[in-house]
Amino acid sequence: MADVALSTHGLTKRYGKATAVDGVNITVRHGEIYGFLGPNGAGKTTTLRMVLGLVRPSAGTAEVLGRAPGDPAGLARIGAMVESAAFYPYLSARDNLEVLARHANVPRPRVADVLTTVGLAARAGDRFASYSLGMKQRLGVAAALLKDPELLILDEPTNGLDPFGMADMNDLISRLGHEGKTVLLSSHNLAEVQQICDHVGVIFKGKLVAQSTVDELRGSAVLVISATPIEQAEKYLVGLVGREKVSVERDMIRVNVDGHESASINRQLVLAGVEVHELRREERSLEEAFMAMSATYAGTRGGSDAR
Amino acid sequence: MLGSYSGELLKFVKRPAVWVVAGVWLALLLAFTELFPYIAYRSASNTQLAAGLLQPLLPAQLSGHAITGYPVWGGSLILVLGALCSGSEYGWGTLKTMLSNRPGRLTFYFAQLATLASAIAALVIVAFALSSLASVLIARSANVELDFPTATALAQAMAAGWLILVMWTLLGASLSIVFRGTALSIGLGLVWILAVENLIRYTASLIDAVAQAEKFMPGADAGSLVAALGAASASQTGIAAVVSGSQALWSVVLYTLLFGALGAVILVRRDVQ
Ligand SMILES: Nc1ncnc2c1ncn2[C@@H]1O[C@H](COP(=O)(O)OP(=O)(O)OP(=O)(O)O)[C@@H](O)[C@H]1O
Ligand SMILES: [Mg+2]
């Protein structure tokens, strides 16, 4: 398993009677951008805390870059921002990073580099306390980048960023991915996860309910067909691809088949004497897939708050 | 470890609250150990009383006299400093930033303690410089010949003063780790130094069991250590030879280690949010 950067085995955290994280097994491979999804209170942050050694698991283990969580030698190769960016309010951004750099024995020039990377260079001399939410978040990411780490653990890094900031951040994360860094990213922005992540893990009420590539999670595309007479079209399609793959929703027939079959299906419907008004390929977005899962696993759209 | 120490030092010297505490501490030192006793001497009604009041203020008495404030009020402000340094990490959420960055928990903790200990060493040196200056000025104004304590006596007094302040700052730091913040730890620490130790001191003369217990109190032992170095006993400064000098020294050293270990054990074991 040399290609595994981070893995957890039955990772569990209980707070009193409540189980925040329940037997989670995640595997993040080297060089992959892994999206960690779940509703509020699902246990994402708690999992990341355990992986970083901030919180001790009630059960289970984690291995990060071949080491136990919190091992200084491992932490030297990890950059992290958990929950929100927290820094010394009376220090400037530059001094805050300088403090971290000294602790981690990082060469001085790195500080200016990462400030530039996150677009804070112009305000680097201002006190952290005077920063806006988005600027604080950028500094958090700058701190995570400081050690030029192999593995980045970012908990909702785009939280509080404006649209430009989000776009910048997503570009940055994609770029890091292309440079061969491993990124474990928790996020509520599913469009952004769909765009930049290779793999995702989905956690509901502390349990990992899915772990796969983004495409696998989104499932195959469907063909949406509008045709008259609709009964005849439906009957014909059932004969063609099978009952379980055909459904009718609001005067549209949805057929679960690969997109490349659309031309042949169209031709066959027409030959069968059905009038085809519209035929398009529809892909389920990650967000739709996630919503569908939440209906199954969380009962409601809410997270474990409703527990 | 050196990198962590220099990181903590940077945080420390750039923090305004640190300079406020140091400034207030030095101002109180000059007021309580030099200025007020000097005014009392100047306004003494007879020469015999005046001579008694002048005696401890002269350079010859510097080694004991300069640290009379350390066991009680000096210690209480320094306890605040320790609690501020460790406890603020919780309020600001910076503990997780630091601990997920690089240093192990113990490295981080000991870097913080080393910073406090070296800052206190600097403070004690400045305090002794100011006290010597004041004593020389007082001797001049009273037309008394200058006579200084030996270098050994001075060094002993400075070391003892440093040790007492380190003990109290470690109490502040470890309480702030126990209570995950500054407010409660400062409150309880001050109640201990200023109220509990004081009440024990008063009750000790009435109840024998309390008198026995007093011998094991950190504040009373710090007072005994200062008394052993020649400071005049006084109830308001908490200076009294409750135990022998060597027992006092052992006790202060043990309390210092105990407070330091308490913070370390709790920091290492607890989850960081
Ligand atoms: N220190 C704690 N004590 C008690 N319960 C806790 C503690 N920390 C977390 N929890 C609980 O654990 C659960 C998971 O919390 P966590 O912060 O991991 O969620 P999350 O997935 O990060 O949510 P969000 O999307 O809102 O950030 C929540 O129900 C939370 O209340
Ligand atoms: Mg969270």
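This is a predicted model: local features need pLDDT of at least 70, side-chain atom pairs count only at pLDDT 80 or more; totals for chains, interfaces and linings use all residues.
D148(A) counts as partly exposed, at 45% relative accessibility (partly exposed lies between buried, under 20% relative accessible area, and exposed, over 50%, with a 1.4 Å probe and protein chains only). D148(A) forms a salt bridge with K181(A), and their closest N and O atoms are 2.9 Å apart (a salt bridge is a side-chain nitrogen of Lys or Arg within 4 Å of a carboxyl oxygen of Asp or Glu). D148(A) lies in the loop between α5 and β7 of chain A and K181(A) in the loop between α6 (163-178) and β8 (182-186) of chain A, so the pair ties together parts that are 33 residues apart in sequence.

Residues are numbered from 1 along each chain as its sequence is written, chains are lettered from A and ligands numbered from 1 in the order in which they are written, and side-chain values use heavy atoms, with hydrogens and water left out.

**Salt bridges**

- Over all chains, the structure holds 18 salt bridges.
- K207(A) and D22(A) join their side chains in a salt bridge of 3.0 Å, N to O. K207(A) sits in strand β10 (residues 207-213) of chain A and D22(A) in strand β2 of chain A, so this pair ties together parts that are 185 residues apart in sequence (helices, H or I with at least four residues, and strands, E with at least two, are DSSP runs numbered from the N terminus).
- K207(A) is partly exposed at 46% relative accessible area, and D22(A) is partly exposed at 28%.
- R77(A) forms a salt bridge with E150(A), with the closest N and O atoms 2.7 Å apart. R77(A) lies in the loop between α2 (72-75) and β6 (78-81) of chain A, and E150(A) in the loop between α5 (133-145) and β7 (151-155) of chain A, so the pair ties together parts that are 73 residues apart in sequence.
- Partly exposed is the label for R77(A), at 29% relative accessibility, and for E150(A), at 33%.
- A network of salt bridges links E249(A), R254(A), E278(A), R280(A) and E282(A).

**Where the chains meet**

- In chain B, 31 residues are in contact with 31 residues of chain A (contact means heavy atoms within 4.5 Å).
- About 2800 Å² is buried between chain B and chain A, and carbon and sulfur atoms give 56% of that area (buried area is the accessible area, with a 1.4 Å probe, that two parts lose on being put together, summed over both). On the chain B side, K96(B), N101(B) and R102(B) lose the most area to chain A, together 24% of what that side buries.
- Two salt bridges are counted between chain B and chain A. D271(B) and K13(A) meet through their side chains in a salt bridge of 2.7 Å, N to O.

**Strands around β1 of chain A**

- Strand β1 (residues 4-15) pairs with strand β3 (residues 27-29) of chain A in the antiparallel sense over three bridges (two strands pair if DSSP finds at least two bridges between them). Here S7(A) stands opposite T27(A).
- With strand β5 (residues 59-64) of chain A, β1(A) pairs in the antiparallel sense over five bridges; A59(A) in β5(A) is the bridge partner of T12(A).
- β1(A) and strand β2 (residues 18-24) of chain A run antiparallel and are joined by four bridges, with A18(A) in β2(A) as the bridge partner of Y15(A).
- The hairpin of β1(A) and β2(A) has two residues between the strands, and G16(A) takes a positive phi near 60° there.

**Backbone points to check**

- Most residues other than glycine have a negative phi, and most peptide bonds are trans.
- The peptide bond from T228(A) to P229(A) is cis, with omega near -10°; P229(A) lies in the loop between β11 (222-228) and α9 (230-241) of chain A.
- N105(A) has a positive phi near 55°, and its place is in the loop between α3 (93-104) and α4 (109-117) of chain A. N105(A) is exposed, with a relative accessible area of 58%.
- N143(B) has a positive phi of about 55° and is found in the loop between α7 (105-141) and α8 (151-178) of chain B. N143(B) is exposed at 71% relative accessible area.

**A buried residue in chain B**

- I67(B), in the loop between α4 (62-65) and α5 (70-92) of chain B, counts as buried at 0% relative accessibility.
- Beyond its neighbours within four places in sequence, I67(B) is in contact with F128(B), A157(B), G161(B), V226(B) and L229(B).
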